[in-house]
2 protein chains.
Amino acid sequence: MNIAVFGTGAVGQIISEKLVELGHTVVIGTRNVADTLARTKPDGFGRPAFGEWHKTHPAVRFDTYDKAAASATIIINATNGSGTLPALAQAHPKNLAGKILLDISNPLDHSQGFPPTLFVSNTDSLAEQIQRTYPDLKVVKSLNTMTAFVMVNPALLAGHHHVFMSGNDPAAKASVKELLSSFGWPLQDIIDLGDITTARGTEQLLPIWIRLWGALKTPIFNFSIALGKAG
Amino acid sequence: MNIAVFGTGAVGQIISEKLVELGHTVVIGTRNVADTLARTKPDGFGRPAFGEWHKTHPAVRFDTYDKAAASATIIINATNGSGTLPALAQAHPKNLAGKILLDISNPLDHSQGFPPTLFVSNTDSLAEQIQRTYPDLKVVKSLNTMTAFVMVNPALLAGHHHVFMSGNDPAAKASVKELLSSFGWPLQDIIDLGDITTARGTEQLLPIWIRLWGALKTPIFNFSIALGKAG
């Protein structure tokens with residue numbers, strides 16, 4: 001499948017590595033190709049700068065948002081939440097219409113220090129903002145409630161744990177379910193919460209996710225839903 | 001122990017039943033004793049009206065907020081979120097100073113229909129509002145992320161699952177931990193998230209909790225945190 005990944009940070013890199021491993025044709029989108037390649041500093045978590053990473057992952061194409069979107073069937077939004085709507089604007093509506101957008105971003109606002117807050121929440125969500133702005137895009141929110149290493153390798157964790165999904169288009173959700181399944185997610189561990197407004201719920205998991213990271217001293221964890229004993 | 005439970009709804013009733021079973025002296029607080037006893041309609045979930053329930057639970061005393069608080073060591077806030085600050089105002093600061101408030105409420109706003117939103121969230125929380133209003137009260141937020149039947153009987157669910165705790169006073173948190181342990185919570189399943197600001201995280205679990213109730217078609221579930229495989 002032709003997949004575009006928006007976002008050049010750790011999440012975009014880790015997702016792209018997995019997609020290439022699964023045999024997909026992957027193009028990473030960015031605002032300005034030359035600017036992104038000129039970055040040389042590793043990120044705060046020790047991931048290499050994009051230019052360094054890209055040298056060792058030549059199978060991943062790299063292009064502007066509009067060209068990346070034009071060639072893709074599915075677009076994965078792994079930008080910072082605040083970069084999402086600007087990135088989609090640069091991708092241009094004509095390259096988005098009818099496509100699936102798997103939105104794995106979160107509306108984190110780091111401007112006031114730690115802990116980050118959400119720049120949209122409660123009565124709205126980033127996923128809904130995207131869907132309202134691009135009604136022809138099939139937005140599916142998923143994977144946004146865990147670290148990228150768990151997104152692409154759920155077997156990292158012990159026992160069953162869950163990934164949530166929100167979206168208005170049943171066929172788009174079925175396609176994303178297949179993709180998640182190829183990442184290693186058992187179908188029974190994918191919980192379809194309903195339409196795109198249910199993304200308010202998963203985006204509002206971020207505040208406790210950040211505090212759990214502090215309490216557990218590792219980002220390698222995930223939410224699981226415990227159910228009543230059978231019988 | 002002398003425990004006051006604020007709130008006459010299903011949550012207050014279920015918690016009080018458990019506390020009596022454990023041998024505590026329990027008094028339920030309300031705004032107006034006569035008005036509450038005069039209610040005859042069952043609630044939306046088929047729980048009996050308070051007056052009916054109270055007839056079958058004579059061990060539970062029933063009094064105004066101020067008198068209930070005056071006799072208690074621990075106060076459990078099981079009011080509707082919107083009723084919390086008015087209830088505490090009626091309890092009077094002199095009856096609250098130095099006491100532990102176990103806050104199990106949530107700031108749900110049902111005024112705009114389904115799904116409810118939160119009347120405080122993101123940059124603040126109901127627990128923080130309480131703590132700011134009554135600096136001498138030792139507020140511990142816990143149990144607010146599950147249905148009352150699970151609060152008092154965690155063994156209802158299969159496997160390990162978790163209860164979160166937020167608060168500024170370590171001794172108050174230790175007392176609440178003991179109480180949770182007496183309800184059946186294994187100590188390793190109680191996650192201390194940190195100070196009272198971490199209650200923003202647990203209160204913001206409500207939006208997904210409500211959607212999970214819809215998706216799973218039962219309120220008998222809870223959040224569990226899956227960790228990396230040992231070794």
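Predicted model: local features only at pLDDT ≥ 70, side-chain atom pairs only at ≥ 80, totals over all residues.
I begin with H161(A). This residue sits in the loop that connects helix 8 (148–151) to strand 9 (163–167) of chain A. H161(A) has a relative accessible area of 2% and is therefore classed as buried. Two polar partners deserve mention. The side chain of H161(A) comes to 2.8 Å from the backbone oxygen of P154(A), and a polar contact of 2.9 Å links it to the side chain of N222(A). Leaving aside residues up to four places away in sequence, the residues that H161(A) touches include W185(A), D189(A) and F223(A), as well as A226(B) from the other chain.

I turn now to the sheet of chain B. It is an open sheet of eight strands with mixed pairing, ordered 3-2-1-4-5-8-9-10. Strand 3 (61–64) and strand 10 (190–194) each have a single partner strand, so each is left with one side lacking a neighbour in the sheet. On average, neighbouring strands are turned by 25° against each other, direction ignored.

Within this sheet, strand 5 (residues 100–103) and strand 8 (residues 138–142) of chain B run parallel and pair over four bridges. In that pair, L102(B) is placed opposite V140(B).

Which elements of chain B does helix 11 (residues 206–216) of chain A touch as it packs on the sheet? The answer is strand 9 (163–167) and strand 10, and the helix direction makes about 100° with that of strand 10 of chain B. Helix 8 (residues 170–183) of chain B also packs on the sheet, with strand 1 (2–6), strand 4 (74–77) and strand 5 among the strands touched. Its direction makes about 160° with that of strand 9 of chain B.

Conventions: Residues numbered from 1 in each chain as written. Chains lettered and ligands numbered in written order. Heavy atoms only, no water. Helix = DSSP H or I, 4+ residues; strand = E, 2+ residues; numbered from the N terminus. Buried < 20%, exposed > 50% of the residue type's maximum accessible area, 1.4 Å probe, protein only. Polar contact = N/O pair within 3.5 Å; in protein donor to acceptor, adjacent residues only side chain to side chain. Contact = heavy atoms within 4.5 Å. Pairing = 2+ DSSP bridges. Axes fitted to C-alpha atoms, helices over the stretch in contact; angles between N-to-C directions.
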